Amino acid sequence: MTFDSVLYVPSVQQTQWVTELLPWWSPAQLMICGRRLLDFCLERAEDFRVCNIEILDWKYSERLANEYSASKIRPYAFTYTRATGPMPRGLDDLVACGQGILASKMPNGLAVAWGLCLSGHMPEEVTLSPVSPEDCRSTPMGFYLWLDGKWMQIRPVGVALHDVKTWHKVNMAVLHTPGKFSFPCYSAEEGVYLGRNVVIEHGAEIAGPVLLADNTWIGRNVQIEGDVIVSHGAVVGEGTRLKKTVVGANTYIGHALDLENKIVAGSRIIDAETGAWTDLEEPGLARYMEWGLGWLAPIWHFLRGRSHGRSS
């Protein structure tokens, strides 16, 4: 099955938990193993060789818009649109909003990625099941197709991210099954995935599975005890211990913290089991860095190389 166009609607009533927990993010910016959920969605669309993709986002992100508008050769037309009006609960609301692709007549064969769903490479054979009127009013997260004047659900559905607990579990599951997904890094040894310009200082101990994305900095005597994801541009301070923890992009974690079963995004530390969170007001403990420390990592590698050259 192939689709002419795909409409991705990440910000719907069913994803309000993201807005409440991380109000500065669009749901499309949720990170899965160092990559945005949006990136996985675009890959799945490429699998089906679509010619047109539009992201209709009620939590429009200028940062996201700037990054995706940067010149990149894509096999499809791509648009990221700021949606207006009430956030939709179901497909009926989406059609009524009349925005983006939906501003004109509903195109037959329009595929819709509704809410936050992660799927691996979909099989060649998919099944379609009719969507009930109730589900058109309050639509479960998943993938849908407008076909011959009615909505059909595309199966398999994938994994819907209903809450922070599911989000954390999906991160861990993807980390344990890398063959099904594309990681932004390479594997130097089994279970250890490293991006570019990763700095690991003396005394740090790292046990997999672990993913250290591009431009990350692991301080002296840090202990990483498995099931840890450090997203791009993040810094983990000296003596900190991490286990079953996801560190968000451009996040600084201070010295001698002990974090297990947590998600850290800027200064916000979230319990992955309960969703309870706390903001660390002391900048030296945890904070968001606008540009990360990516620009420092290449300099550090260069100076380290010169130092080694002089000592030899």
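Trainee: Where is Pro209 found?

Mentor: Please keep in mind that this is a predicted model. Pro209 sits in the loop between strand S15 (205-207) and strand S16 (210-212).

Trainee: Is the peptide bond from Gly208 to Pro209 cis or trans?

Mentor: That bond is cis, and its omega is near 0 degrees.

Trainee: Which loop holds Asn215?

Mentor: Asn215 belongs to the loop between S16 and strand S17 (217-218). Its phi is near 60 degrees, a positive value in a residue other than glycine. With a relative accessible area of 23%, Asn215 is partly exposed.

Trainee: And what is phi for Asp148?

Mentor: Phi of Asp148 is near 50 degrees, again positive in a residue other than glycine. Asp148 lies in the loop between strand S9 (142-147) and strand S10 (150-155).

Trainee: Why does Asp148 count as exposed?

Mentor: Its relative accessibility is 63%, and the cut-off for exposed is over 50%.

Trainee: Changing topic, how many disulfides does the structure hold?

Mentor: The structure holds zero disulfides. Take Cys41: the closest cysteine sulfur, in Cys117, is 9.4 Å from its own sulfur, so the two are too far apart for a bond. Cys41 is buried, with a relative accessible area of 15%. Cys136 is also buried, at 10%.

Trainee: Which residues touch the most other members of the largest nonpolar core?

Mentor: They are Leu94 and Trp167, in a core of 76 residues. Leaving out residues up to four places away in sequence, Leu94 touches Leu7, Val9, Leu56, Trp58, Pro88, Leu102, Val112 and Trp114. There is also a second, separate core of 21 residues, and Val198, Leu212, Val236 and Leu242 are among them. In soluble globular proteins, nonpolar side chains tend to be buried together.

Trainee: What about Trp167; which residues of H6 are buried?

Mentor: Trp167 is one of the buried residues of H6, together with Val164, His168, Val170, Asn171, Met172, Val174 and Leu175. Helix H6 covers residues 164-176; its 13 residues should span 18 Å at 1.5 Å a residue, and its end C-alpha atoms are 19 Å apart, which agrees.

Trainee: One more: is Val12 buried or exposed?

Mentor: Val12 is buried, with a relative accessible area of 0%. Val12 is in the loop between strand S1 (5-9) and helix H1 (16-21).

Trainee: What is Val12 in contact with, leaving aside neighbours within four places in sequence?

Mentor: Its contacts are Met87, Pro88, Trp114 and Gly115. Val12 and Trp114 are 102 residues apart along the chain, and 7.8 Å separates their C-alpha atoms.

Definitions and conventions. Residues are numbered from 1 along each chain as its sequence is written. This is a predicted model: local features need pLDDT of at least 70, side-chain atom pairs count only at pLDDT 80 or more; totals for chains, interfaces and linings use all residues. Side-chain values use heavy atoms; hydrogens and water are left out. Helices (H or I, at least four residues) and strands (E, at least two) are DSSP runs, numbered from the N terminus. Buried means under 20% relative accessible area, exposed over 50%, partly exposed in between (1.4 Å probe, protein chains only). Contact means heavy atoms within 4.5 Å. A nonpolar core is a set of buried Ala, Val, Leu, Ile, Met, Phe, Trp, Tyr and Cys residues joined through side-chain atoms within 4.5 Å. A disulfide is a pair of cysteine sulfur atoms within 2.5 Å. The expected span of a helix is 1.5 Å times one less than its number of residues.
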